Amino acid sequence: MMKAWILKTSASVDTRPLVLGDIPTPNAGKDELLVRVSACGVCRTDLHVVEGELPVRLSPVIPGHQIVGRVAAVGAQVADFALNDRVGIAWLNRTCGKCKYCLSGRENLCDQALFTGWSVNGGYADYAVAPASFAYRIPDAFEDIQAAPLLCAGIIGYRCLRLTGLNGNDWRGARLGIYGFGAAGHICIQLARSRGADVYVCTRDRERHQALAHELGATWVGDAAEEPPVKLDTAIIFAPAGELVPTALKALAKGGTLVLGGIHMSPIPSFDYSLIYGERMVRSVANNTREDGREFLLEAARVPVHTHVETFPFNQVNEALIALKHDAIRGAGVIVRTE
């Protein structure tokens, strides 16, 4: 048996809907790993799952999809991992491998994809299971707690940067805007600055998020609705706030790209055509590919990225989600298993 935080019915996290229970420890399938969880990041997507902003895929479900741990059992067909190897499990849990998206390097769009902590059980538990081919080796440069936020906030931030339209790794002179400065934003700025970009951060929280943006070298920091002092070449919205789309478009130079980095966003208000005229483009990011994850972890180790984390003990998962909802976490939140 194992301990796990279980969501039976979607509800506001302020009501503490996750219940701690004892359930059977899962078995690793023939192509899978059983991982004993040591740390699991707390992601805004978990909020969307728990509060019902994403449709129910599995009920009851164990949320959590930024998992770091050690291999406790290996499926019969797994050759690349051994007992006690350190691995990460991320949001993309499995794809069909046969559809037009999987066969064209776009497995993130697979219609049959399964997702950790949403359509399969996740990491707010003693153990989690994942296909070995979708698990990541964690670079030695990162401790477990520091590595956990890399597995979603980091990977999604990396994919957002890929879709900005900025080419190569030399971004000197480029102006990047970041709207919302939580877990993903504070990792993304480190990658962008390492490539030479000037980063302009718009975020509403002065005490935590704006202060951290200054510490991480933002060229300019302002309120979420404030207009940067220069036109931006590209921008990313990490906040799930649709009302920021016209605001960010107004800040873009002609030919700029606005990337929407969330899985859920509040309704986008109507806006004048002039905001996209001039060949401005809006595009979303949907999940990630395994290649995104592998490339990102290598780059994060080279930079090196330093994740700013606030830790919560395993018995305070509900409290961690409440803190995230109310912007009370500076950087990224991580649930830590100490047993």
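**Close-up 1. Contact between helices α3 and α4 in the predicted model.** On the α3 side, the contact residues are Ala153, Gly154, Gly157, Tyr158 and Leu161. They meet Ala183, Ala184, Ile187, Cys188, Leu191 and Ala192 of α4. By class, this contact of α3 with α4 holds nine nonpolar residues, two polar ones and no charged ones.

**Close-up 2. Geometry of the α3 and α4 pair.** Two packed helices are described by the angle between their axes and the distance between the axes. Here α3 packs with α4, which spans residues 183-194, at an angle of about 50 degrees, and the axes are 8 Å apart. The two helices are therefore oblique to each other. The crossing in which α3 passes α4 is right-handed.

**Close-up 3. Packing of helix α3 with helix α7.** Helix α3 covers residues 153-162 and helix α7 covers residues 290-302. Their axes lie 9 Å apart, at an angle of about 100 degrees. An angle of 65 to 115 degrees counts as roughly perpendicular, so α3 is roughly perpendicular to α7. From α3, the contact involves Gly154, Ile155, Tyr158, Arg159 and Arg162. From α7, Asp292, Gly293, Glu295, Phe296 and Glu299 take part. The contact of α3 with α7 has five charged, three nonpolar and two polar residues.

**Close-up 4. Surroundings of Gln146.** Gln146 is part of helix α2, residues 144-147. Its relative accessible area is 17%; buried means under 20%, so Gln146 is buried. Leaving aside residues up to four places away in sequence, Gln146 touches His306 and Thr307.

Note on methods:
Residues are numbered from 1 along each chain as its sequence is written. This is a predicted model: local features need pLDDT of at least 70, side-chain atom pairs count only at pLDDT 80 or more; totals for chains, interfaces and linings use all residues. Side-chain values use heavy atoms; hydrogens and water are left out. Axes are lines fitted to C-alpha atoms, for helices over the stretch in contact, and angles run from 0 to 180 degrees between N-to-C directions. Helices (H or I, at least four residues) and strands (E, at least two) are DSSP runs, numbered from the N terminus. Angles under 35 degrees count as roughly parallel, over 145 as roughly antiparallel, 65 to 115 as roughly perpendicular and the rest as oblique. Contact means heavy atoms within 4.5 Å. Ala, Val, Leu, Ile, Met, Phe, Trp, Tyr, Cys and Pro count as nonpolar, Asp, Glu, Lys and Arg as charged, and the others, Gly among them, as polar. A crossing is left-handed if the near helix is turned anticlockwise from the far one by less than a right angle, and right-handed if clockwise. Buried means under 20% relative accessible area, exposed over 50%, partly exposed in between (1.4 Å probe, protein chains only).
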